[in-house]
Amino acid sequence: MQERAVVRQIAKERIEILYNHAKELTMQNTEESRKLAQKYVKRLRSIGMHYRVKIPKEIKNSICKKCNSVLLPGLNAHVRIASSHSYIVIKCDSCGTEKHIFYR
């Protein structure tokens, strides 16, 4: 039983490391670096599914579901607040997908 916990802990650490590398590559703002960052995000998701580890909300909310790119406001994403519906809209510039994050 403890062995599973150790494996899951390592998987969580690896997810965070891959996300940080993908974020750094996205900040470089070149086509090659963005493609590599998308590969890192795909790997990050596959690790989460394989080891049945939840991806932290901070990471999950900053990744596009459709094109697997890291969403950085001002660089490759637009952010607006839909106050009438009580959510934040994050729109990916590369594929146009919108992500809604509810708040109270």
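Reader: Which helix is S33 found in?
Author: This is a predicted model, where local features need pLDDT of at least 70 and side-chain atom pairs count only at pLDDT 80 or more, while totals for chains, interfaces and linings use all residues. Residues are numbered from 1 along each chain as its sequence is written, and side-chain values use heavy atoms, with hydrogens and water left out. Helices (H or I, at least four residues) and strands (E, at least two) are DSSP runs, numbered from the N terminus. With residues 31-50 as its range, the helix that holds S33 is α2.

Reader: Is S33 buried or exposed?
Author: Buried means under 20% relative accessible area, exposed means over 50%, and partly exposed lies in between (1.4 Å probe, protein chains only). S33 has a relative accessible area of 5%, so S33 is buried.

Reader: Which backbone oxygen does the side chain of S33 reach?
Author: Contact means heavy atoms within 4.5 Å, and S33 touches L25 and Q28, not counting residues up to four places away in sequence. A polar contact is a pair of N or O atoms within 3.5 Å; within protein, one must be able to donate a hydrogen and the other to accept it, and residues adjacent in sequence count only if both atoms are side-chain atoms. At 3.0 Å, the side chain of S33 reaches the backbone oxygen of L25.

Reader: Against which helices do the buried residues of α1 pack?
Author: The buried residues of α1 are A11, I15, L18, Y19, A22, L25 and T26. An α-helix has 3.6 residues a turn, so residues three or four places apart point the same way. The buried residues of α1 pack against α2 and α3 (57-60).

Reader: What span does helix α1 reach from its first C-alpha to its last?
Author: The expected span of a helix is 1.5 Å times one less than its number of residues. For the 27 residues of α1 (residues 2-28) 39 Å is expected, and close to that is the span α1 reaches, 40 Å.

Reader: Which strands stand at the edges of the sheet?
Author: Two strands pair if DSSP finds at least two bridges between them. The open sheet of three strands has antiparallel pairing in the order β1-β2-β3. With a single partner strand each, so that one side is left without a neighbour in the sheet, the edge strands are β1 (77-82) and β3 (98-102).

Reader: What is the bridge partner of I90 in β3?
Author: Strand β2 (residues 87-92) runs antiparallel to β3, and five bridges join the two. In β3, I90 has as its bridge partner K99.
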